[in-house]
Amino acid sequence: YVGCALVGSIIGVLFAGILSDKLGRKLTMVISAILFSASALGCALCTDFTQLVVYRIIGGVGIGVVSIVSPLYISEVSVAQYRGRLVSLYQLAVTVGFLGAYLVNYQLLAWSESGALLGVPLLKIFITEVWRGMLGMETLPAILFFIIIFFIPESPRWLIVRGQERKAINILERIYNSITEATNQLKETQSVLTAETSSEWSLLMKPGILKAVIIGVCIAILGQFMGVNAVLYYGPSIFENAGLSGGDSLFYQVLVGLVNTLTTVLALVIIDKVGRKKLVYYGVSGMVVSLILIGLYFLFGDSLGVSSLFLLVFFLFYVFCCAVSICAVVFVLLSEMYPTKVRGLAMSIAGFALWIGTYLIGQLTPWMLQNLTPAGTFFLFALMCVPYMLIVWKLVPETTGKSLEEIERYWTRSE
C-alpha cells in the first residue's frame, strides 16, 4: 500500500516531460490537479482494498507529474537573480505540505478518539475509519491548486519554442516590467533555439547535453542514498528502537517536519546569495558529521549510557543540514541545467532516477537496518555523501545569477 503511490510517481515522471513539452506547462499542471482530486475522493470513498491501491497510484501519478513540471515552470518564469529562491519555494511548499498533513492527521485522530465529530453525517470517513478522512483531506489543496493554475501565465519560453512570440513577449513584459528587457530576453531565447536544429532525442544525445543529463541523474539518485527519505520514512521506528516512547512517534514526526520547514525557509532566503554549490558543500559536510554521530550512537550509546535524546538531536541536525542544502538545491539545479527545447524531457529522465532512488531506499532501508545494523546503515549513508560532493565540485557549474540561456551555452560550448 505504501509503495503504490511511489510506483504511480515513477509512472507520472516518465510522462511529465513529454506532456509538458507537447501540451504546455499550465495544461500539464491542470491534469495533475485533476489526478490529485480524483485520488483524494477515491481513497475516501473506496469500497475495497483494490480500489484504494488504484486511487493511490492515480495520486502518485499526479505527484510524479507535478514534481517535474512545477520547478520547471517556476525556473522558466523567474528572473535570473531570484530564480534560486523562487524554485526553492516549490521545496518549501512540499515541506509545508508534509507538516500540514502531519498536523491534520493528528487532529483528525484526536477528534475520532474523543468523539467530537459524532454528529457529522460522514461518520464512517471521520470516526470509524478515520484514515479515509486523512486521505480525503487532500481534496481541499487539490481544488485550490486547480483554481490557482487558471490565474498564472503559460511559460514564455515554452511559447517561444512553439512559435507564439506575441503571447510570450506580453508575458515577459509583465515579468520584467520593461518592454526592452522583455525583447532582449525573447531574442536571447530565440538565438539559442536557432542553434538547436536537431530533434529532441538527437539533441539530448549531443555530448554536452548528454553530460548534463548524466550529471542530473547522478545527483538525483545519489541524493536518495544519503539517507534523506530513510530518515523521513523510518525515523519514528528508529526512535522507538532506540528507547524513545513509541506513543510520541507522531510528535517526533511533527518535530522533524517543523525543522524541515523552517530550514527550507532559511535556504529560500540565502540560496541566491550564498550560491548553489556552497550550500551543497556546507550542508553535505554537516550531513556527513551527523550521520557519523548517529552511527557512533548506535555503536556505543548503550554501553556509555548516552541519553536517547542525543539521537533526536543528531537526527534534527541531519534534517537541518539536508534541508538547507541538497533538498533545496536539487530541484533548482535540475530545473535550470537543460536546454529549453528538451528541458521537460531531460527533467523527466532525472526525475525518474530520483523517484527510482526514493522507491529503492524505501524498500532497502528495513533490510539494511536489519542486516547492516543501524550503525552500518548510517555509516553507508555518510559514505554516499562523498561522490555527491565530488560531482557537484568537479562537474556542476555555479548557476547563481545566470540566465537559463547562459547555462545552456555552458553545456554546449565545446560543440
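Which residues in helix 15 meet helix 17, and which residues in helix 17 do they meet? That was my starting point today, and I kept in mind that this is a predicted model.

**Entry 1: helix 15 and helix 17**

I looked up the two helices and found helix 15 at residues 276–304 and helix 17 at residues 326–336. On the helix 15 side I noted R276, L279, V280, V284 and M287. They meet I326, V329, V332, L333 and E336 in helix 17. Sorting the residues of this contact gave me 8 nonpolar, no polar and 2 charged. I also checked the geometry: the axes come within 9 Å and cross at roughly 145 degrees. The crossing is left-handed.

**Entry 2: helix 16**

Then I looked for buried residues in helix 16 and jotted down several, among them L311, F314, Y318, C321 and V324.

**Entry 3: R25**

Is R25 buried or exposed? I found R25 in helix 2, residues 25–45. Its relative accessibility is 0%, so R25 counts as buried. I then listed what R25 touches beyond four places away in sequence, including V69, L72, E76, E154, W158 and R343. Y73 is in that list too. R25 and Y73 sit 48 residues apart in sequence, yet their C-alpha atoms are 6.3 Å apart in space. S20 is another residue R25 touches, and here the side chain of R25 reaches the backbone oxygen of S20 at 3.1 Å.

Conventions
Residues numbered from 1 in each chain as written. Predicted model: local features only at pLDDT ≥ 70, side-chain atom pairs only at ≥ 80, totals over all residues. Heavy atoms only, no water. Buried < 20%, exposed > 50% of the residue type's maximum accessible area, 1.4 Å probe, protein only. Helix = DSSP H or I, 4+ residues; strand = E, 2+ residues; numbered from the N terminus. Contact = heavy atoms within 4.5 Å. Polar contact = N/O pair within 3.5 Å; in protein donor to acceptor, adjacent residues only side chain to side chain. Axes fitted to C-alpha atoms, helices over the stretch in contact; angles between N-to-C directions. Left-handed = near helix turned anticlockwise from the far one by under 90°. Nonpolar A, V, L, I, M, F, W, Y, C, P; charged D, E, K, R; others polar.
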